[in-house]
4 protein chains.
Amino acid sequence: MITSNKIFHKGRIFNDPIYGFISIEDEIIFRLIEHPYFQRLRRIHQLGLTHLVYSGAHHTRFHHAIGAMYLTKQAVDTLKRKGTVITPEEELGVLIAILLHDIGHGPFSHTLENSIVENIHHETISTIFMKKLNEEFDGQLSLAIEIFNNTYPKKFLHLLVSSQLDMDRLDYLQRDSFFSGVVEGSISSERIIKMLVVANEELAIEEKGIYSVENFLIARRLMYWQVYLHKTVLSAEFLLMNTLKRAKFLAKNNKDIFATPALKQFIYQNYTLDDFDKHAIIDKFALLDDYDIMASIKVWAFHEDKILSLLASNTIHRNLYKIKLSSKPFSEKDVLILKDKTKKLLNISDEEVAYFVFTGTVTNSAYNPKKDKINILYKDGSINDIAHAADLLNISALAKDVEKHYLCFPREINL
Amino acid sequence: MITSNKIFHKGRIFNDPIYGFISIEDEIIFRLIEHPYFQRLRRIHQLGLTHLVYSGAHHTRFHHAIGAMYLTKQAVDTLKRKGTVITPEEELGVLIAILLHDIGHGPFSHTLENSIVENIHHETISTIFMKKLNEEFDGQLSLAIEIFNNTYPKKFLHLLVSSQLDMDRLDYLQRDSFFSGVVEGSISSERIIKMLVVANEELAIEEKGIYSVENFLIARRLMYWQVYLHKTVLSAEFLLMNTLKRAKFLAKNNKDIFATPALKQFIYQNYTLDDFDKHAIIDKFALLDDYDIMASIKVWAFHEDKILSLLASNTIHRNLYKIKLSSKPFSEKDVLILKDKTKKLLNISDEEVAYFVFTGTVTNSAYNPKKDKINILYKDGSINDIAHAADLLNISALAKDVEKHYLCFPREINL
Amino acid sequence: MITSNKIFHKGRIFNDPIYGFISIEDEIIFRLIEHPYFQRLRRIHQLGLTHLVYSGAHHTRFHHAIGAMYLTKQAVDTLKRKGTVITPEEELGVLIAILLHDIGHGPFSHTLENSIVENIHHETISTIFMKKLNEEFDGQLSLAIEIFNNTYPKKFLHLLVSSQLDMDRLDYLQRDSFFSGVVEGSISSERIIKMLVVANEELAIEEKGIYSVENFLIARRLMYWQVYLHKTVLSAEFLLMNTLKRAKFLAKNNKDIFATPALKQFIYQNYTLDDFDKHAIIDKFALLDDYDIMASIKVWAFHEDKILSLLASNTIHRNLYKIKLSSKPFSEKDVLILKDKTKKLLNISDEEVAYFVFTGTVTNSAYNPKKDKINILYKDGSINDIAHAADLLNISALAKDVEKHYLCFPREINL
Amino acid sequence: MITSNKIFHKGRIFNDPIYGFISIEDEIIFRLIEHPYFQRLRRIHQLGLTHLVYSGAHHTRFHHAIGAMYLTKQAVDTLKRKGTVITPEEELGVLIAILLHDIGHGPFSHTLENSIVENIHHETISTIFMKKLNEEFDGQLSLAIEIFNNTYPKKFLHLLVSSQLDMDRLDYLQRDSFFSGVVEGSISSERIIKMLVVANEELAIEEKGIYSVENFLIARRLMYWQVYLHKTVLSAEFLLMNTLKRAKFLAKNNKDIFATPALKQFIYQNYTLDDFDKHAIIDKFALLDDYDIMASIKVWAFHEDKILSLLASNTIHRNLYKIKLSSKPFSEKDVLILKDKTKKLLNISDEEVAYFVFTGTVTNSAYNPKKDKINILYKDGSINDIAHAADLLNISALAKDVEKHYLCFPREINL
């Protein structure tokens, strides 16, 4: 009963409540999905603690990765049909690249991205995982890695994996909309994919798909404010971050803290990118998932450190910060008053109050033409950024960053 | 077996694939639905010939009217819960007003609005129907009529029936999206309705509903270009209009034209608003529906007039105009060339060619703040037009009219 | 602007709210869909007057035919993948056969099947249409006709088109469920199709699909009693049948009756199968659709014959019979009493009362193993009728006919 | 930031992708949901390891409990409307009873029901939790407990919570169908609830709802074989059970085993019902959830005991047993051969091989009239068990138990 001796049958099926049946045609795809690195994604929520607001949102990165691969297959079929040359090797490469694009995510994904391992982006870790897998699979992932890192000549393959209109986004919008029940976030990936075309080695959308793209951008924006940056979701994420931060602080001060073995390492040590490369930290990281975090936090609720136990207990029992959002910064005076009240209420110090009262900003732009553009292919053969499309006057507005200030403080305190 | 002797049971149910069960609580609502005037709406497509492009879009004005009434009931419940006083009479009034808001629509609704009866808007005819029903029902519709015509003091009741965020629009967007399969047009009427509030006797949306409204405006805009003003739909509608126009032209010239009795009147006579008032034309109009039009056009396909038979046959067999859309006007020269070619091809005169080659414009603005605004109620109690909301920079862009020029000509001709 | 000169592009798309995009790959399929014979199906409701109960059920035979063809394509792909040899010609043949399987339906389909043309089944007319089309298309439909008539050696192709688990049923159950909103009627055509296999030239289902088939049979049964044989739907259909019957009776007695030209023929004449063959009646029949019926009935509501005007007016205004269902026959005495009361109420004769008071039976069996079986292919290679499957003890029960007696009478009369 | 000081607003909303918005009207319902006992359900999967087969099935008991309460509210409204007297106290009581009906579930629910705490049914633990909460809430749950335990005179209230057609089942079928994507399992809770009626203090279904009930029974049966007893799901559950069993075995033999503090207690001790009553074990149990199990199993994959590490590692990496299902028992000889091969392969003892090769049976009956019946209320006022309904001949067949034998063994071994 040692791993990976399962027999592969062409056409193995994954059930998806969104797309129906997803069939797997290549053995290597099957082997990658079976690999412990990938199975780990079953234990990482796609949306962290969002289920505290949208109770259905318990779907995982595992499901999303397979869904994004399914859409990429549809896109490849469409492009081939329109005459774009994509070799079987390239097709497999882009499918592997999208399948593994999120494999570097740690527990609670974005929320803890800089708390577990500092200053290392999850995409960097994805690349490290891919390289390790490439060794195990005798170089069969080389082309996928080139596509993922955008060093492969046919740039449009990379754009399917990562761009402002990539298959990643098409899948997560639909998926997050489905599981959260925020129906307005729904888009038609089918319609958008049918409009895809390659022009000048770039990905573009046929002119008649222009309103579908507009709708996609607006749906994404809505999902940001309604779900991803929903104020209660933010509040929960800040609480989780602060809980872990306090645990790391205590660990640094040599306090004894329970943690699952996998988590313990990352609480008591600060790893650098160098450690990942040289000291096989990647295999320790591969043991870490949401279960380590929540199982440990549940224990911390009984820790002798008052700050840690309060933060942990609040996380577990959904006793979140009160949070205010505003388009303007909050007055420093108000923040000071809140801090004062909190210090008295909880009988804590100046440093400690920062765990309970804090401000900051969140930003979102629906469309960021500086990174890469969404190209429209017009009937006369010309290509243009969607932001300049004649009858979509509002796209340029979408490109502006929307910044919101937040202020968090204990629920017991009044502003 | 004379009409209207059915027994009313409180809670009679209408099946709706969108909302599930819709139950009827008031006998007068039941009697109005049973009335021949209202049953007629079963025979009028909500979207005219749109099913020629979206084959599922065969839903009727009957279904829409009941759906819009259902949403209005939800809105009334929400507002009452938030403390707005709405008396039982007012509640019944607004339900009747929305139920009957489209009762004046003729066959093929918007398409033939000015072909069957010229210069009389369907809302005017709705009012005439309501007045007749009010007589039959001994004045029980008086309050509904006031609400419909916006003469009732509590203006917000009228706004539920007719405004930029009325229950009419909430229903038709969802319904048209459902039956056409254009999923991106879907909105969350439930979420929007939960955010409704009355402030200063106006309808407003709570601040946190701002992104849902934005999404609603964009979804509506998408539905306009993707469905309502889809170029093939436009082409079909122009063909239908021209077919009727030719029939009326021939009738005016005393040619013999088959038509069902109900339609015959309106082809051989031109009625004015005055006729409706004085000569009981309303009861003749009440006999007219989509079946009269299509059944007659099918016969016209064999008419001796070459123009009429060609137009009719093309309508029946979905042999539509070729249509071009452009943001700029088409060159007069091109149009002349097309007309010339068409005259030769069909061997027709200068006047006749206008039935086959023509240009024009269609316009749409997603949000029209000149008519009435969508108000946002902020947490500090202030009210403001959504177009001025800080982080929705693109709403003002939505308010701009988008105008497109079209050019239609026979499919056999090349431009 | 003469028909059939449209340019075909591989991959033309039909929108379907159920399956999404359906693309057309073969020019002949496109040409057949464009043909007036097929376009006529746009004007024939799939479910007759069912929309009087389920207001959303306005979908047409046109949409169903294309949907069934889509499912057949999925089935063919599945079978080919499992090693069954299906040549491109056979694939095209079965697609054409299913596309045209209902082309012989007249207006209001099943309801008027024996009222418009007596003693000729719609499948016979479908064959006549196919033969005519085969001439027009230079013999390209020959293989399709063999499959349709089950004379082609590979019997499983016919079974895809017509059997107890054919693509026709898979489509109409899903479609009727979707448009009526009776969600319990939903099935998973995707799952069933994935389980299809050819064994001994028969269609079979893999063993593990056994519960899906059971569910399909039960869903179909539910749809029969909940929708197709819903008592109010039956009542409406009887009323429509009687209306037409009266019109034909009057015509036979040389009364003057308005009808659209297409309908007039079929009211004043009784055609036989021979007429279809010899006198090109098929082309007259091809002009007939739901619009002729309803447009004519609307006029009959004002006919001088009291019986006809009453029946017609009741049909139009949804003033249906009261209907009782029972597992036992109704007492003759009760029927006589009802007839007596009705004669008095309406002041009509003994013969005439039969239009208003009548009884009969409707029957349904969910599974009919006498016609053809649903085969299960077991893992050991054996094949067996699903009715004998070990753990589905109730299938045999499903095979029993369920018969119900109905009694119709005017709503004004009490039993 | 101490718990339970949140302010309650009437009409607080829970988002549900199935029902839309669920609003909470009573403060005590809100307080119970906020309580740590109930919040714990957020961390218990509704379907254990089913997500290993249906990747979307990550929904929790928390969500199900709130959904079942929502349906109960609909049922109460329907019954009251039909004249059944339900006082406000009774309404609140039944809502609380259903909300808490599953609160006694431990981690991985049914799978580990007899592994964590032996011989104590989850309903017993639910009652213990309710009693504790009743103390905290000053007796406000007394009526709910009576309803839950079926000691309240109005028996139909209990039947809403627990019977063959209770709101529990209506919710979980819809919910499990939605999240797994097994669409055939969908039922219409709306239609069934509308048919509910109280007759002779029993819950019954109006005659015309008979086909909906049949469909419900068949859908449930399908869900059993397709999802709940799916062979791969069974295999995963057996693996999880055996893993825990081995851990408890080692603990009993004083081996050192890592476990989260909450789990440690239950691995090293065997608690009886008496312990729950006398020693406040309930509060320790309340700390236990899926996270403790998975976090501990992840560590066990590295345990020095070969058996434990193999079982644990297989669980984590989805390296499940091969499983065969059969309607007949497996031959003892075959089992012995498999055991022999396994002993050699893994180099383990006679006792140890039982963790890897074993047989047993699973049983399901779609309808169990011995427990309590589903009553049909006929139009003549009579009540009868649905199994005797005239035209549902197959219900009695549904009442028969279907038993299947299973045989599990390592994937590396061939039978």
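**View 1. Strand 4 and strand 7 of chain D pair in the parallel sense.** In this predicted model, three bridges link strand 4 of chain D to strand 7 (residues 375-377) of chain D. Strands here are DSSP runs of E with at least two residues, helices are runs of H or I with at least four, and both are numbered from the N terminus. Two strands count as paired if DSSP finds at least two bridges between them. E206(D) has L377(D) in strand 7 of chain D as its bridge partner. Residues are numbered from 1 along each chain as its sequence is written, and chains are lettered from A in the order in which they are written. Local features need pLDDT of at least 70, side-chain atom pairs count only at pLDDT 80 or more, totals for chains, interfaces and linings use all residues, and side-chain values use heavy atoms, with hydrogens and water left out.

**View 2. Strand 3 and strand 4 of chain D form a hairpin.** Strand 3 (residues 196-199) and strand 4 (residues 202-206) of chain D run antiparallel and are joined by four bridges. A199(D) is bridged to E202(D) in strand 4 of chain D. Two residues lie between the strands, and N200(D) in the turn has a positive phi of about 55 degrees.

**View 3. Chain A meets chain D.** The contact (heavy atoms within 4.5 Å) takes 56 residues from chain A and 56 residues from chain D. How much area is buried between chain A and chain D? The value is about 4,900 Å², and carbon and sulfur atoms give 62% of it. Buried area is the accessible area (1.4 Å probe) that two parts lose on being put together, summed over both.

**View 4. Salt bridges and polar contacts cross from chain A to chain D.** The rule finds four salt bridges across this interface; a salt bridge is a side-chain nitrogen of Lys or Arg within 4 Å of a carboxyl oxygen of Asp or Glu. One salt bridge joins the side chains of D292(A) and K298(D), at 2.2 Å from N to O. Ten residue pairs between chain A and chain D are in polar contact, both residues being at pLDDT 80 or more. A polar contact is a pair of N or O atoms within 3.5 Å; within protein, one must be able to donate a hydrogen and the other to accept it, and residues adjacent in sequence count only if both atoms are side-chain atoms. Among the elements of chain A that each supply at least two residues to this side are strand 1 (12-16), helix 3 (61-81) and helix 16 (290-300). Helix 16 of chain A gives the largest share, seven residues.

**View 5. Chain A is superposed on chain D.** A rotation of 180 degrees with 0.0 Å of shift along its axis does this, with an RMSD of 0.0 Å. The superposition is by least squares on the C-alpha atoms of residues with pLDDT of at least 70 in both copies. The two copies are therefore related as by a two-fold rotation axis. The same surface serves both copies, as 98% of the contact residues of chain A recur in chain D.

**View 6. Chain B also touches chain D.** Twelve residues of chain B are in contact with twelve residues of chain D. The buried area is about 920 Å², with 49% from carbon and sulfur atoms. In chain B, F21(B), R81(B) and E190(B) lose the most area to chain D, together 54% of what that side buries. Two salt bridges are found across this interface. R81(D) and E25(B) meet through their side chains in a salt bridge of 2.3 Å, N to O.
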